[in-house]
Amino acid sequence: MTEPTRIFHNPRCSKSRQTLELLTERGIEPEIIRYLETPPTEQQLEDILAALELEPRDLMRTKEKEYKEQGLDDPDLRREQLIAAMVATPKLIERPIVLANGKAALGRPPENVLSIL
């Protein structure tokens, strides 16, 4: 049995809503993970980063005030520290992230997710 399509979703984000709509228009009813309420674990983030082939900072919302307030712009921070910060402050995680068919895509723009469906 294959894993369900999942979306790390923030209903207040227009790109996240557009990506969810794009999925449902194609008959896909994804498992919706409201990551601000239920943040991913450090291991889940590691798996997502590996699937996206990104480094932690590439998946961070660097314009959020928490990014500066927590000193996350320090280039000497280790990978583990950045991932821990995203788990502790999920608002820092770029969204939406869609997981499907053993792959991941960042829905910026929403059409990016079509490549993994």
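Reply: Two strands are said to pair if DSSP finds at least two bridges between them. The strands (E, at least two residues) and helices (H or I, at least four residues) are themselves DSSP runs, numbered from the N terminus. The model is predicted: local features need pLDDT of at least 70 and side-chain atom pairs pLDDT 80 or more, whereas totals for chains, interfaces and linings use all residues. Residues are numbered from 1 along each chain as its sequence is written, and side-chain values use heavy atoms, with hydrogens and water left out.

Me: What makes strand S1 and S2 a pair, and in which sense do they run?

Reply: Strand S1 (residues 6-8) and S2 share three bridges, which meets the requirement for pairing. The sense is parallel, and Ile 7 has Ile 32 in S2 as its bridge partner.

Me: Why do strand S2 and strand S4 stand at the edges?

Reply: The four strands form an open sheet of mixed pairing in the order S2-S1-S3-S4. Strand S2 (31-33) and strand S4 (103-106) each have a single partner strand, so one side of each is left without a neighbour in the sheet. Direction ignored, neighbouring strands are turned by 20° against each other on average.

Me: Which helices pack on this sheet?

Reply: Helix H1 (residues 14-25) lies across S1, S2 and strand S3 (97-100), at about 170° to S1. H2 touches S1, S3 and S4, and its direction makes about 85° with that of S4.

Me: Why is H2 called roughly perpendicular to H4?

Reply: Helix H2 (residues 42-52) and helix H4 (residues 79-88) pack at about 115°, with their axes 9 Å apart. That makes H2 roughly perpendicular to H4, a label given to angles of 65 to 115 degrees (under 35 is roughly parallel, over 145 roughly antiparallel, the rest oblique). The crossing of H2 past H4 is right-handed.

Me: Which residues of H2 and H4 meet?

Reply: Glu 42, Leu 45, Glu 46 and Leu 49 in H2 meet Arg 79, Ile 83, Ala 84, Met 86 and Val 87 in H4, where contact means heavy atoms within 4.5 Å. By class, six of the residues are nonpolar, none is polar and three are charged.

Me: What makes Asn 10 buried or exposed?

Reply: Its relative accessibility is 7%, and Asn 10 therefore counts as buried; buried means under 20% relative accessible area, exposed over 50%, and partly exposed in between (1.4 Å probe, protein chains only). Asn 10 lies in the loop between S1 and H1. Residues up to four places away in sequence aside, Asn 10 touches Ser 16, Tyr 35, Leu 36 and Arg 95.

Technical notes. Axes fitted to C-alpha atoms, helices over the stretch in contact; angles between N-to-C directions. Left-handed = near helix turned anticlockwise from the far one by under 90°. Nonpolar A, V, L, I, M, F, W, Y, C, P; charged D, E, K, R; others polar.
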